[in-house]
Amino acid sequence: MTPGGTDGPDVISETNFGFVADLLRRETAMLCERGKEYLVEARLLPLARQAGDPDVDHYVDRLRRDAGERARAVDALTINETSWFRDLAPYQAFVDDVLPRLLAARVDTRRLTIWSAACSSGQEAYSLAMLLDEHLPAGWTARIHATDVSPTMVERVRAGRYSQVEMNRGMPATRLVKYFQRVGSEWEVQPQLRTMVTTQVMNLAAPLPPLPTFDVVLLRNVLIYFDHATKQSILDRVQATIAEDGFLMLGSTETTLDLETTWTRESAGPAGRVVLHRPRHGRAVSRPFPDSSSPAASPHLTLRTGA
Ligand SMILES: C[S@@+](CC[C@H](N)C(=O)[O-])C[C@H]1O[C@@H](n2cnc3c(N)ncnc32)[C@H](O)[C@@H]1O
């Protein structure tokens with residue numbers, strides 16, 4: 001195909017590209033601007049072939065009349081780039097700055113509740129689980145709630161299996177040996193980590209379902225896909241889920257500086273390069289984590305442990 005072009009036989013038409021971009025924005029708030037035709041082609045062509053369509057334009061015609069296929073297309077169009085201990089410094093800040101303060105503040109409950117919002121295939125959630133396994137004192141428990149708009153990604157977190165190529169992206173050999181077992185050509189996360197992680201399909205751009213109060217929220221490398229108003233509204237709603245003395249961690253290129261926010265910012269981590277966001281006006285009410293074994297406790301929640 002001609003990158004960004006609309007004139008070749010293999011290139012999605014401008015109208016159909018507009019339809020897909022509108023669909024993605026409506027369903028996830030992700031922006032898909034002109035110039036991303038190559039991405040849409042690459043993601044939708046396999047689905048077109050599976051559906052028996054000769055090209056993506058015919059497949060988009062199918063999308064116009066088939067809601068189930070639209071959901072599959074949206075899932076396939078999400079950008080799930082991630083890695084273990086991504087950017088390293090935020091994880092160092094978590095261990096050196098965030099954890100000691102939470103351990104002092106939660107001595108009564110000895111329980112930590114963390115949200116990996118927009119978790120992709122789970123490397124963020126399981127990286128945290130490893131650090132908690134290594135640094136939580138005996139008698140403490142931790143729950144990491146991993147959510148994403150993509151059902152395929154959430155299923156991957158639940159399965160906890162990764163290819164060698166994925167393991168090569170940031171997993172130190174010592175932790176590979178300690179926390180994974182080989183299953184065929186893949187690596188599977190050990191049960192001691194999987195029991196810490198619950199999963200849920202969740203759209204950050206829609207009203208949030210009932211959630212517990214979180215001590216830490218990781219909302220990393222997802223705000224970059226949204227427009228200004230969507231970022232603002234997601235940050236406001238996420239703030240309502242964070243404990244008054246809790247923490248929000250964004251991606252290294254993401255900031256609240258250009259938004260009207262009620263967050264305060266603190267420097268942390270190596271050379272103070274990591275920004276920790278703290279809610280300025282604690283609006284969260286302390287609520288326990290819903291029991292994952294009884295999803296009937298909330299009609300909106302389908303929590304599953306990874307084990
Ligand atoms: C680039 S990945 C980031 C993964 C991880 N947080 C990290 O930093 O490595 C972005 C993720 O955001 C998810 N996403 C996109 N729009 C979303 C939305 N509206 N609600 C929830 N997740 C969304 C995508 O499915 C994708 O898995």
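Reply: Lining the largest pocket are 26 residues, and Ile79, Ala118, Asp148, Asn221 and Val222 lie nearest its centre. A pocket here is an open set of points on a 1 Å grid over the protein atoms alone, where a 1.4 Å probe fits, with protein on both sides within 12 Å along at least five of seven lines; lining residues have an atom within 4 Å of a point. The model is predicted: local features need pLDDT of at least 70, side-chain atom pairs count only at pLDDT 80 or more, and totals for chains, interfaces and linings use all residues. Residues are numbered from 1 along each chain as its sequence is written, and side-chain values use heavy atoms, without hydrogens and water.

The ligand takes up the space of this largest pocket (more than half of its atoms lie within 2 Å of the grid points). Around the ligand are 23 residues, with Thr28, Thr82, Arg86, Asp148 and Asn221 coming nearest (near means a heavy atom within 4 Å).

Polar contacts are pairs of N or O atoms within 3.5 Å. A polar side-chain atom of Thr82 lies 2.6 Å from a ligand oxygen atom, and one of Asp148 also lies 2.6 Å from an oxygen atom of the ligand. From Arg220, a backbone N or O atom lies 2.9 Å from a ligand nitrogen atom.

Note on methods: A polar contact is a pair of N or O atoms within 3.5 Å; within protein, one must be able to donate a hydrogen and the other to accept it, and residues adjacent in sequence count only if both atoms are side-chain atoms.
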